[in-house]
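User: Hi! I have a new structure open and I'd like to go through it with you. Could we start with a term I keep running into?

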Amino acid sequence: MLLLPLLPLLWRVRVRARRLSFSAGRTPGDATARTLAAWREITDTAWDHGIEPDESRTPRKAAARIVRLGHLGTDGAAAVHRVAGAVEQVLYAPEPRPAAGLSEDVQAVRAGLRAAARRFARIRAVVAPRSAVRVVWAVSERRAALAARWSMPRRPAWLHRPTRQES
């Protein structure tokens, strides 16, 4: 019972560690996954600090919004813009270049958001992160996929007996 209130905190710590511990793969797919994981971590950290994600914006516009609403200093602002530039590279460039130092940039953004936030916001971002709702969304999607899979007919159509209306 004591662990139940801490589940969002524990989930967020686990996800952050997984996103930031990515290995330096050699394929372009690895570079893309690393870059997008770093961007997702920044947007989730901003969401935890009260800046709701806006998926309709480009990475550059989203970075400017995070800087503005998060009151980031120069180090945090530069870091979020570097990661946004790397995201634009992997999404839009014909041959994306791998970016270096993404983990350090994510840590700089986290530190900047934490420093600019009020005490209650800092505590809430750690204890009850808003981005933990992604767990609920993932469980809901899996449940819907499982329900759809089990609702399909188990027999082929030719094995069904015709009804009086079909004959």
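Analyst: Happy to! A residue is called buried when its relative accessible area is under 20%, and exposed when that value is over 50%. Keep in mind that this is a predicted model.

User: Thanks. Which residues of H4 are buried, then?

Analyst: In H4 the buried ones are Gly76, Ala77, Ala79, Val80, Val83, Ala84, Ala86, Val87, Glu88 and Val90.

User: And what about the chain overall, how much of it is buried?

Analyst: Of the 167 residues in the protein chain, 31% are buried.

User: What secondary structure does the chain have?

Analyst: The protein chain has seven helices and zero strands. Along the sequence the pattern reads α-α-α-α-α-α-α.

User: Back to H4. What span should its 19 residues have, and how far apart are its ends?

Analyst: At 1.5 Å a residue, H4 should span 27 Å, and its end C-alpha atoms are 26 Å apart, which agrees.

User: How about H3, how far does it reach?

Analyst: H3 has twelve residues and reaches 16 Å from its first C-alpha to its last, close to the 16 Å expected. Its buried residues are Pro59, Ala62, Ala63, Arg65, Ile66, Val67 and Gly70.

User: At what angle do H3 and H4 cross?

Analyst: Roughly 165 degrees, with axes that come within 8 Å of each other. An angle over 145 degrees counts as roughly antiparallel, so H3 is roughly antiparallel to H4. The crossing is right-handed.

User: Which residues meet there?

Analyst: From H3 you have Pro59, Arg60, Ala63, Ala64, Ile66 and Val67, and they meet Ala77, Val80, His81, Ala84, Val87, Glu88 and Tyr92 of H4. By type, the residues of this contact are ten nonpolar, one polar and two charged.

User: Is His71 buried or exposed?

Analyst: His71 counts as exposed, because its relative accessibility is 61%.

User: Let's switch to H4 and H5. How do they cross?

Analyst: Helix H4 (residues 74-92) and helix H5 (residues 102-116) have axes that come within 8 Å and cross at roughly 135 degrees. H4 and H5 are therefore oblique to each other. This crossing is left-handed.

User: Which residues make that contact?

Analyst: H4 contributes Gly76, Ala79, Val80, Arg82, Val83 and Ala86, while H5 contributes Leu102, Asp105, Ala108 and Val109. Sorted by type, the contact of H4 with H5 has seven nonpolar, one polar and two charged residues.

User: New topic: where is Asp44, and is it buried or exposed?

Analyst: Asp44 is in helix H2. With 0% relative accessibility, Asp44 counts as buried.

User: What does Asp44 touch?

Analyst: Leaving out residues up to four places away in sequence, Asp44 touches Arg12, Arg19, Ser131 and Arg134.

User: And Thr45, where is that one?

Analyst: Thr45 is in helix H2 too, which covers residues 28-48. Thr45 is buried, because its relative accessible area is 3%. Again leaving out residues up to four places away in sequence, Thr45 touches Arg12, Arg110 and Leu113. Notice that Arg12 is touched by Asp44 and by Thr45.

User: One last one: where does Phe120 lie, and is it buried or exposed?

Analyst: Phe120 lies in helix H6, residues 119-127. Phe120 is exposed, because its relative accessible area is 66%.

User: How far is Phe120 from His49?

Analyst: Their C-alpha atoms are separated by 9.9 Å, and the two residues are 71 residues apart along the chain.

Conventions
Residues are numbered from 1 along each chain as its sequence is written. This is a predicted model: local features need pLDDT of at least 70, side-chain atom pairs count only at pLDDT 80 or more; totals for chains, interfaces and linings use all residues. Side-chain values use heavy atoms; hydrogens and water are left out. Axes are lines fitted to C-alpha atoms, for helices over the stretch in contact, and angles run from 0 to 180 degrees between N-to-C directions. Helices (H or I, at least four residues) and strands (E, at least two) are DSSP runs, numbered from the N terminus. Angles under 35 degrees count as roughly parallel, over 145 as roughly antiparallel, 65 to 115 as roughly perpendicular and the rest as oblique. A crossing is left-handed if the near helix is turned anticlockwise from the far one by less than a right angle, and right-handed if clockwise. Contact means heavy atoms within 4.5 Å. Ala, Val, Leu, Ile, Met, Phe, Trp, Tyr, Cys and Pro count as nonpolar, Asp, Glu, Lys and Arg as charged, and the others, Gly among them, as polar. Buried means under 20% relative accessible area, exposed over 50%, partly exposed in between (1.4 Å probe, protein chains only). The expected span of a helix is 1.5 Å times one less than its number of residues.
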